[in-house]
Amino acid sequence: MNPLLGVNVDHVATVRQARRTAYPDPVEAALLAELGGADQITIHLREDRRHIQDRDLQVLRRTVKTRLNLEMAATPEMVKVAFEAKPDSCTLVPERREELTTEGGLDVAANRDAVRKVVKTLRDADVVVSLFIDPDVDQVRAAHRVEAEVVEIHTGRYCDARLAPDRRRELGRVVDAAKAAAKLGIRVAAGHGLNYRNVLPVAAISEIEEFNIGHAIVGHAILVGMERAVREMKALLARGAR
């Protein structure tokens, strides 16, 4: 079975917010992504609202035809937003205002009680909960203990590795985490830093059911259009899975 593709449209909003205009609209981008074959639309509503805005979440909740995945910090404000919007799924991520992008996975093991509380609140609202974690078996086990239904494995270190031995080592960590999660009955996703050049080896990991990819697709879409950019990524995922 081919992996599913979640398209993150945050950086369409980044371009819009650079001039505080009404365009380009991430809602329109999401529609085109779905036309290109996206299985899910992902957005990260940050506490500082640097790209995606509350309005985007509200409109996307009404218009997305596939599934809407909300990435969010595990804070009372964002839990309230998610509880009211009721996306199909929420991915809990660590968040620092000064970071350029999400720099690492959520430390579930060190914050088990707090994360468990958020997971329970969202699951009580019939929202599927995913935890964005580093490729670490201990974090996978912690995710299982807080009853998360999905883990999204942070692939950033694999993607950033410049030397072949480093890439192999980091890919091995992703494989080990994915296998550990699957054995515990947790669904596995992956994301961060994946692009058209490095996704094939990760797509070949059979335990990974879903990929969330944003920056690479949006960047490619500027040149070739969103539908084509999504189709090309879907084709790579299918090729890797074979």
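## Surroundings of T91

T91 touches N69, L70, E71, M72, S130, F132 and E152, leaving aside residues up to four places away in sequence. The model is predicted. T91 is part of strand β4, which covers residues 89-92. With a relative accessible area of 2%, T91 is buried.

C90 is also part of the picture, at 0% relative accessibility and counted as buried. C159 is buried as well, with a relative accessible area of 16%. A search for disulfides through the whole structure returns 0.

## Overall fold and dimensions

The chain has 11 helices and 8 strands. Its radius of gyration is 17 Å, close to the 18 Å that the globule rule gives for 242 residues, so the chain is as compact as a globular protein of that length. Along the principal axes, the C-alpha atoms fill a box of roughly 45 × 40 × 35 Å.

Of the 242 residues in the chain, 52% are buried. The accessible surface amounts to about 11,700 Å², and carbon and sulfur atoms account for 51% of that surface. For contacts between residues at least 6 apart in sequence, 67% join residues at least 24 apart.

## Salt bridges

Side chains of opposite charge can pair when their charged atoms come close. The count for this structure is 21 salt bridges. One of them links E210 and R67, with an N to O distance of 3.1 Å. E210 belongs to strand β8 (residues 208-213), while R67 sits in the loop between α3 (54-63) and β3 (68-72), so this pair ties together parts that are 143 residues apart in sequence. The two partners fall into separate accessibility classes: E210 is buried, at 9% relative accessible area, and R67 is partly exposed, at 24%.

D138 is partly exposed, with a relative accessible area of 46%. R141 is likewise partly exposed, at 43% relative accessibility. Elsewhere, salt bridges with shared partners join R16, D25, R55 and D56 into one network.

Within that network, R55 pairs with D56, and the closest N and O atoms of this salt bridge are 2.8 Å apart. R55 is partly exposed, at 38% relative accessibility, whereas D56 is buried, at 0%.

## Nonpolar surface patch

L31, L32 and L35 make a nonpolar surface patch of about 280 Å². One of these residues, L35, lies in helix α2, which covers residues 26-35. At 55% relative accessibility, L35 counts as exposed, because the class begins over 50%.

Methods: Residues are numbered from 1 along each chain as its sequence is written. This is a predicted model: local features need pLDDT of at least 70, side-chain atom pairs count only at pLDDT 80 or more; totals for chains, interfaces and linings use all residues. Side-chain values use heavy atoms; hydrogens and water are left out. A salt bridge is a side-chain nitrogen of Lys or Arg within 4 Å of a carboxyl oxygen of Asp or Glu. Buried means under 20% relative accessible area, exposed over 50%, partly exposed in between (1.4 Å probe, protein chains only). Helices (H or I, at least four residues) and strands (E, at least two) are DSSP runs, numbered from the N terminus. Patches are made of residues with over 30% relative accessible area and no salt bridge: like charges are joined within 9 Å, nonpolar side chains (Val, Leu, Ile, Met, Phe, Trp, Tyr) within 5 Å. Accessible areas come from the Shrake-Rupley method with a 1.4 Å probe; for residues, only the protein chains shown count as cover. A disulfide is a pair of cysteine sulfur atoms within 2.5 Å. Contact means heavy atoms within 4.5 Å. The radius of gyration is taken over C-alpha atoms; the globule rule is 2.2 Å times the number of residues to the power 0.38.
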